[in-house]
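Thanks for sending this one over. Here are my notes, point by point, to read alongside the model.

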Amino acid sequence: MKIIITERIAQDGVDFLKEQGFEVDCKFGIQRDELLEIVGDYDAIIVRSVTKVNKELLDKAPNMKVVGRAGNGIDNIDVPECTKRGIIALNTPESNIMSAGELAIGLAFAIFRNIPQASYGGKYLKDFRRNRFNGFELDNKVCGIIGLGRIGSIVARKMTGLNMKVIAYDPYITDEKFSKLGVEKCETLEELLKKADLITIHTPKTSETMGIIGEKELALCKDGVRIVNAARGGLVNEKALYDALVSGKVAAAGIDVFEHEPNYEKKPEEQDYENPLLTLDNVVVTPHLGASTAEANYNVGTCVAKLVAEALNGEMVAAVNMPPIKVKDMSEIKPYVDLAECLGKIYYQTEKDTVERIEIKYSGDLASADTGVLSLSVLKGFLSEISPDKVNYVNAELIINSMGIKFVESKTRELDKYTNLITVSFVSKNKVNTVSGTVFAKEEIRIVDFYGYKIDFEPSENVIAIQNKDIPGIIGKVGTVLGENNINISAMQWSTRGAKAVSFVSIDKEPSQEVIENLKNIDGVMKVSKIKF
């Protein structure tokens, strides 16, 4: 499979993808027109903050399976469009948060103490008149943080350590977290704007936050306020900020991001980017350096590479466009995910009737768990046997809905024999077929009910399910047929119900259709199905 990387990431990440057998093309700073011409050849794309992965690009990318954003924000990725197409959208939200937080603090020091201006004056103008660069201390000033998420919290802790009084506005953060951070909560944005000497923004870019600081908001601020935006371009209205900087309402600004970003790969002599803010001496500008530290570059580059590789290989990853997985360690939930997918795979490998409804019941310990991903795993397994489309955790529910199949979840803590149990019922017009499974000792998967037959079976790659009359000699005849075809049996489970019996037989290779027919011809055998888990 082919991966294109359009913006620079750590070479370790690139090397990892190549070691995994992927064909990787690094096209750093590629022009949009050229990218649109070639993107159809690729299965995955890795970007940072500049490349727009929108409908225009996705229309040109019929083979696209994964979009990886090396970094935190995803405003340059059309996530709903990716979801509609079954494309997994990934980011690395924890990999560069320290780097981004520290840059905001660095910009704050720069605009309070005129550090860049003084450095430029001394180095290039031989101007060492220090009275020209008098600044202000951050000590005892009020730092107003808009957005108290991961990065905002880092800034809050560090600014508190600088003896600033920290206040924040974030309607989605609990009072408990404000208290834990020692931050004063502002009930409204207006309250923060009126109090702050420094305003630093740390929100995602959404329809709600776009232009959150504009002309009206700047008018509410203290005279001489200083503003830092190291989050997303467009959160501050650039025209309003320019006017406020010129008038002196805003004393200085530290800007790492713009609403329309320059091409960060162009050489100075090739650069054609213009922005009025670049003309002002009281503006400190950095070229989107939020994640540009050795540590962050390594973290985001290697992390996104591993996630993209896992997604292309069909493994479960914490994608942006799938339900959140509320576990610290993915290995905790993986056995249940694998079990759920196995249960979903059984039906159309053993039955033909059209399913109208899928009922998923979680019992025991799972009744108190977040089971969204498990239900998607059942649907993914079910669809993998019948859908011509690529099926993953992102689009499984969309495909089920488009097929007119209803699915419902239920939970109960009542459970006698096991500590946890997943039961899946496939409801067709004529009957209900039910399968159940459990996980022992945190990682041992077992199917314990197959259409009403009680078994204790560990799923394997190649399985033959046999239903027969409960008469002597069937097991021996099955073994003979398999042995004559040089097929080893690694495990077998037999269960009876009334005058019938069912067996699950694990074998060491996929049986041919001829072998299946020979098994069906055994006297007393009623049905034979091949199951691949």
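How much accessible surface does the protein chain have, and what share of it belongs to carbon and sulfur atoms?

1. To start with that question: the accessible surface comes to about 25,500 Å², and carbon and sulfur atoms make up 48% of it. Please keep in mind that this is a predicted model.

2. On the overall build, the protein chain has 533 residues, of which 51% count as buried. Its C-alpha trace spans about 105 × 50 × 35 Å along the principal axes. The secondary structure comes to 17 helices and 22 strands. Among contacts with a separation of 6 or more, 65% are between residues 24 or more positions apart.

3. Do have a look at the open, mixed sheet of 6 strands, ordered β14-β13-β15-β16-β17-β18. Strands β14 (406–412) and β18 (453–457) stand at its edges with a single partner each, so one side of each has no neighbour in the sheet. From one strand to the next, the twist averages 20°.

4. Within that sheet, β15 (residues 420–428) and β16 (residues 432–440) run antiparallel and are joined by 6 bridges. Thr-423, for example, has Ser-436 in β16 as its bridge partner. Helix α14 (residues 372–384) lies across β13 (355–364), β14 and β15, and runs at about 140° to β13.

5. Finally, a surface detail: Tyr-120, Tyr-124 and Leu-125 form a nonpolar patch with about 380 Å² of accessible area together. Tyr-124 belongs to helix α6 (residues 115–124). Tyr-124 counts as exposed because its relative accessibility is 57%, and the cut-off for exposed is over 50%.

Key:
Residues are numbered from 1 along each chain as its sequence is written. This is a predicted model: local features need pLDDT of at least 70, side-chain atom pairs count only at pLDDT 80 or more; totals for chains, interfaces and linings use all residues. Side-chain values use heavy atoms; hydrogens and water are left out. Patches are made of residues with over 30% relative accessible area and no salt bridge: like charges are joined within 9 Å, nonpolar side chains (Val, Leu, Ile, Met, Phe, Trp, Tyr) within 5 Å. Accessible areas come from the Shrake-Rupley method with a 1.4 Å probe; for residues, only the protein chains shown count as cover. A salt bridge is a side-chain nitrogen of Lys or Arg within 4 Å of a carboxyl oxygen of Asp or Glu. Helices (H or I, at least four residues) and strands (E, at least two) are DSSP runs, numbered from the N terminus. Buried means under 20% relative accessible area, exposed over 50%, partly exposed in between (1.4 Å probe, protein chains only). Two strands pair if DSSP finds at least two bridges between them. Axes are lines fitted to C-alpha atoms, for helices over the stretch in contact, and angles run from 0 to 180 degrees between N-to-C directions. Contact means heavy atoms within 4.5 Å.
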